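Q: I have a model open and would like to learn how to read its features one by one. Could you walk me through them?

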Amino acid sequence: MPVQKIKRGYRKTRYILYKETLINYKEHFWSFLGSFVGIGILSYLESIHFRGSDVVYLIGSFGASSVLIYGIIQSPFSQPRNLVGGHLISAFIGVTVNKLVPDIVWISAPLAVSLSIIFMQITKTLHPPGGATALIAVTGSAQIKGLGYMYVISPVLIGVLILLITALIFNNMTSSRSYPSHSTYHKHYHKIRKRLTGK
């Protein structure tokens, strides 16, 4: 009996390892192309509008968002509501905290990140890179801090919309990929419908 259990466990482990190491060339191709074009457009805008040493359009959280919206497109964190809402809420909170507690980074940094997490949870827009967007608002360069609430519009809103539009195009160019994830939206639709109709 124990030998059979060990054999079964071994077969399961082998199968999981096999599935995890499968290479889906089509999936990787579209992930690469979408992220290359999305970040490429932002890089181009950066080179045109900001020729100084400060990088404004290419905030680090956009790289993390690209992993989600081009590489893990079925994740709830990757959906448009989370992408746009998470970044905007976090950017607004980051700027507000920076205005209220400037130059005290050991208070402003954790406060901005923690508040952005709570507000993303409340608004159902949890997007992990949002925490970085809030953090950049309080720890970024003088040029980024100098933007004030304009930071929410540019680079955050403009950058997020560019990434989203690119994701909508490249994640739907093949029948094997579908974005936004219909299963995620289906689930939310049925929850809302149940609350409204009681059925």
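Q: Let me begin with Asp103: is Asp103 buried or exposed?
A: The general idea is to look at relative accessible area, where over 50% counts as exposed and under 20% as buried. Asp103 has a relative accessible area of 74%, so Asp103 is exposed. Keep in mind as we go that this is a predicted model.

Q: Where is Asp103 found, and what is its phi?
A: Asp103 is found in the loop between α4 (80-100) and α5. Its phi is positive, about 65 degrees, although Asp103 is not a glycine. Lys124 is another residue to check: its phi is about 55 degrees, again positive in a residue that is not a glycine. Lys124 lies in the loop between α5 and α6 (129-139), and with a relative accessible area of 57% it is exposed.

Q: Which UniProt annotation covers residues 104-122?
A: An annotation like this comes from a record, and it may be inferred rather than shown by experiment. Here the unreviewed UniProt entry gives "transmembrane region" for residues 29-48, 55-73, 104-122 and 149-170. Over residues 104-122 the chain is 95% helix and 0% strand, with end C-alpha atoms 27 Å apart. Over residues 29-48 the chain is 100% helix and 0% strand, and the end C-alpha atoms are 28 Å apart.

Q: Which residues make the nonpolar surface patch?
A: Ile104, Val105, Trp106, Ile107, Leu111, Leu115, Ile117, Ile118, Phe119 and Ile122 make a patch of about 890 Å². Take Leu111 as one of them. Leu111 lies in helix α5 (residues 105-122), and its relative accessible area of 36% makes Leu111 partly exposed.

Q: What does a buried position look like, say Gly94 in helix α4?
A: Gly94 has 0% relative accessibility, so Gly94 counts as buried. Next, ask what surrounds the residue. Leaving out residues up to four places away in sequence, Gly94 touches Ala112, Ala134, Ala137 and Val138. The C-alpha atoms of Gly94 and Ser116 are separated by 7.7 Å, although these residues are 22 apart along the chain.

Q: How many aromatic pairs are there, and how do I describe one?
A: A pair of aromatic rings is described by the distance of the centres and the angle of the planes. Pairing requires ring centres within 6.5 Å. By this rule the count comes to three aromatic pairs. In one of them, Phe29 and Trp30 have ring centres 5.1 Å apart and planes at 75 degrees, so the pair is edge-to-face. Phe29 is partly exposed at 44% relative accessibility, whereas Trp30 is buried at 16%. Phe32 and Phe36 form a stacked pair, 5.6 Å centre to centre with 25 degrees between the planes. Phe32 and Phe36 are four residues apart in helix α2 (residues 25-49), so about one helical turn separates them. Phe36 counts as exposed, at 54% relative accessibility.

Technical notes: Residues numbered from 1 in each chain as written. Predicted model: local features only at pLDDT ≥ 70, side-chain atom pairs only at ≥ 80, totals over all residues. Heavy atoms only, no water. Patch = residues over 30% accessible without salt bridge, like charges linked within 9 Å, V, L, I, M, F, W, Y side chains within 5 Å. Areas by Shrake-Rupley, 256 points an atom, 1.4 Å probe, with all protein chains shown as cover. Salt bridge = Lys/Arg side-chain N within 4 Å of Asp/Glu carboxyl O. Helix = DSSP H or I, 4+ residues; strand = E, 2+ residues; numbered from the N terminus. Buried < 20%, exposed > 50% of the residue type's maximum accessible area, 1.4 Å probe, protein only. Phe/Tyr/Trp six-rings, centres within 6.5 Å; stacked < 30°, edge-to-face > 60°. Contact = heavy atoms within 4.5 Å.
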